[in-house]
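Let's work through a few exercises on a pocket and the residues around it. Have a look at the model first, then try each task before reading its solution.

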Amino acid sequence: MNAGPGAGADAHATRVLGFAEAELPAALAAQVAALEAEAWPGATPGHDPALAPRALLLVTADGTVAASLALLFKEIRHAGRTYRAAGLSSVVTRRALRGRGHGARLVAAARRELAAVPGLDLVLFSCDRPLAPFYEAAGFTRLPGAVLVGGTPGEPLATDGPGFDKEVLAEFLGADGPDGPDARADAAAFAGTRIALHPGPVDRLW
């Protein structure tokens with residue numbers, strides 16, 4: 001994941017747009033693909049349709065995509081329970097526009113949108129360790145000692161694998177919201193554990 005923290009006076013000139021990834025207008029999709037190619041050269045654009053990908057974009061008044069991310073969804077089993085989970089993926093800010101608060105605004109918008117999804121139990125994702133404070137500032141919480149296990153059961157990819165230096169972040173929604181007793185109990189069940197996310201061979205760690 002990639003995003004730049006910062007604050008800027010031009011944030012009022014942008015708006016957040018959301019689309020099912022399959023319905024993303026071609027002109028915006030081309031900009032998102034270019035941003036992702038700039039951030040992750042060689043990566044295959046797009047996400048697994050099985051994860052119901054939703055594109056969230058921060059767009060300037062002239063139609064430039066300043067920042068983009070994907071929201072992904074699936075059910076997971078953990079500690080004997082089934083949870084409906086969502087995650088952030090492919091978070092990127094246009095290189096020329098970093099340091100203006102665009103990434104922060106988009107991630108905060110993503111958190112608000114996910115909190116309003118009926119029946120969603122938690123938001124769960126990983127990021128490079130230096131970016132954890134950026135996501136914490138948007139309202140997400142670190143899960144100390146937690147490890148996400150992505151990929152597939154036959155070909156797993158874990159956030160504590162060789163070459164990775166990842167933090168796991170989450171928000172537990174629960175019946176009573178992120179501060180309610182259900183959410184706190186769920187957070188305790190996930191902290192310090194290995195979490196079998198297994199999103200598949202495309203979005204291997206969301």
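**Exercise 1.** Which helix and which strand each supply at least two residues of the lining of the largest pocket?

*Solution.* Start with the ground rules. This is a predicted model, in which local features need pLDDT of at least 70 and side-chain atom pairs count only at pLDDT 80 or more, while totals for chains, interfaces and linings use all residues. Residues are numbered from 1 along each chain as its sequence is written, and side-chain values use heavy atoms, with hydrogens and water left out.

Next, the elements: helix 1 (26-39) and strand 4 (81-93) are the two to find. Helices (H or I, at least four residues) and strands (E, at least two) are DSSP runs, numbered from the N terminus. Helix 1 gives the most, with three residues.

**Exercise 2.** Sort the lining of the largest pocket into nonpolar, polar and charged residues.

*Solution.* The lining has 21 residues in total. Sorting them gives eleven nonpolar, six polar and four charged. Here Ala, Val, Leu, Ile, Met, Phe, Trp, Tyr, Cys and Pro count as nonpolar, Asp, Glu, Lys and Arg as charged, and the others, Gly among them, as polar.

**Exercise 3.** Are Ser 90 and Trp 206 buried or exposed?

*Solution.* Both are among the residues nearest the pocket's centre. Ser 90 is found in strand 4, and Trp 206 lies in the segment after strand 10 (194-196). Now apply the cut-offs: buried means under 20% relative accessible area, exposed over 50%, partly exposed in between (1.4 Å probe, protein chains only). Ser 90 has 14% relative accessibility, so it is buried. Trp 206 has 4%, so it is buried.

Key. 1 Å grid on protein atoms, 1.4 Å probe; cavity = no way out; pocket = protein on both sides within 12 Å on 5 of 7 lines; lining within 4 Å.
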